Amino acid sequence: MILSNVSIHEALDKGLLVLEPEPTPRFVKKGEPKCPYQTSSVDLRLGAEVAYFPEEGIPAQIDLRRGDFSKLFAPLAQTHVLSEQQPFVLQPRKFILAKTLERVHLRLTSDETSLAARVEGKSSYARCGLLVHFTAPTIHAGFEGTITLELINFGPLPIALYPEMPICQLIVEQVHGTPFSNESQFQGQSAPGGG
């Protein structure tokens with residue numbers, strides 16, 4: 001079951017879902033900033049750092065059997081800190097990792113009230129060719145950290161990425177039953193590469 005914006009507010013108030021900083025304003029009010037709470041999702045913003053493989057000096061392949069992606073990626077990655085004066089310009093057919101500004105915590109509970117979520121792109125950006133994730137939209141119950149976004153520009157024109165721009169939407173879902181803890185390698189991540 002997907003939570004409505006009202007149910008997302010209730011989950012925030014009960015501490016079942018923690019978003020730091022919490023997106024605001026909670027409601028649509030004339031003359032105020034745009035409300036990030038859609039009817040069944042909440043917009044998350046782009047964090048100030050992106051990471052990518054450089055054009056030169058990388059191995060011919062990545063051996064995914066070695067596991068722990070952050071240890072594979074970190075030694076090879078270059079980073080760019082975003083600012084209003086220096087956005088990151090994502091060229092057509094290029095791939096980068098980014099992160100959300102908001103830290104997400106989906107608390108694991110013992111009373112069948114645990115939540116999970118999915119991260120999805122925004123349709124207005126998709127129409128420009130920006131893909132926000134490939135095949136990894138799931139944010140498991142119990143996860144805590146920033147959300148890594150796999151960004152690729154499939155459009156014909158470069159796309160400027162600025163810090164704190166709304167970049168994706170979080171769709172929150174009720175988990176049936178009580179899950180046991182099984183933390184991923186990305187638990188507690190704060191960097192785009194998973195570290």
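In the predicted model, Arg-93 is located in the loop that runs between strand 5 (88–90) and strand 6. The phi angle of Arg-93 is near 65°, a positive value in a residue other than glycine. Arg-93 is exposed, its relative accessible area being 57%. A second case of this backbone geometry is Glu-164, a residue other than glycine with a positive phi, near 70°. Glu-164 occupies the loop between strand 11 (159–161) and strand 12. With a relative accessible area of 47%, Glu-164 is classed as partly exposed.

The overall architecture comprises three helices and 12 strands. Of the 195 residues in the protein, 42% are buried. Contacts between residues at least 6 apart in sequence were also examined; 78% of these join residues at least 24 apart. The protein exposes about 10900 Å², of which carbon and sulfur atoms supply 54%.

Helix 1 spans residues 5–14, and its buried residues are Ile-8, His-9, Ala-11 and Leu-12. Viewed down the axis of helix 1, these buried residues fall within an arc of 160° and therefore line one face of the helix. The exposed residues Asp-13 and Lys-14 are carried on the face of helix 1 turned away from its buried side. The packing partners of the buried residues of helix 1 are strand 1 (17–20), strand 2 (37–38), strand 3 (41–52), strand 7 (115–120) and strand 12 (166–174). Gly-15 follows helix 1 and has a positive phi, near 80°.

One joins Glu-20 and Pro-21, with omega about -5°. The other joins Thr-24 and Pro-25, where omega is likewise about -5°. Pro-21 is found in the loop between strand 1 and strand 2, and Pro-25 is placed in the loop between strand 1 and strand 2 as well.

Helix 3 (residues 123–126) contains Tyr-125. When residues up to four places away in sequence are not counted, Tyr-125 touches Leu-130, Met-165, Pro-166 and Ile-167.

On the surface, Phe-95, Phe-134 and Phe-154 form a nonpolar patch, with about 290 Å² of accessible area together. Phe-95 belongs to strand 6 (residues 95–106).

The structure holds zero disulfides. Cys-35 counts as buried, at 9% relative accessibility, whereas Cys-128 is partly exposed, with a relative accessible area of 47%.

Terms used. Residues are numbered from 1 along each chain as its sequence is written. This is a predicted model: local features need pLDDT of at least 70, side-chain atom pairs count only at pLDDT 80 or more; totals for chains, interfaces and linings use all residues. Side-chain values use heavy atoms; hydrogens and water are left out. Patches are made of residues with over 30% relative accessible area and no salt bridge: like charges are joined within 9 Å, nonpolar side chains (Val, Leu, Ile, Met, Phe, Trp, Tyr) within 5 Å. Accessible areas come from the Shrake-Rupley method with a 1.4 Å probe; for residues, only the protein chains shown count as cover. A salt bridge is a side-chain nitrogen of Lys or Arg within 4 Å of a carboxyl oxygen of Asp or Glu. Helices (H or I, at least four residues) and strands (E, at least two) are DSSP runs, numbered from the N terminus. Buried means under 20% relative accessible area, exposed over 50%, partly exposed in between (1.4 Å probe, protein chains only). Contact means heavy atoms within 4.5 Å. A disulfide is a pair of cysteine sulfur atoms within 2.5 Å. The arc is that of the directions from the helix axis to the C-beta atoms.
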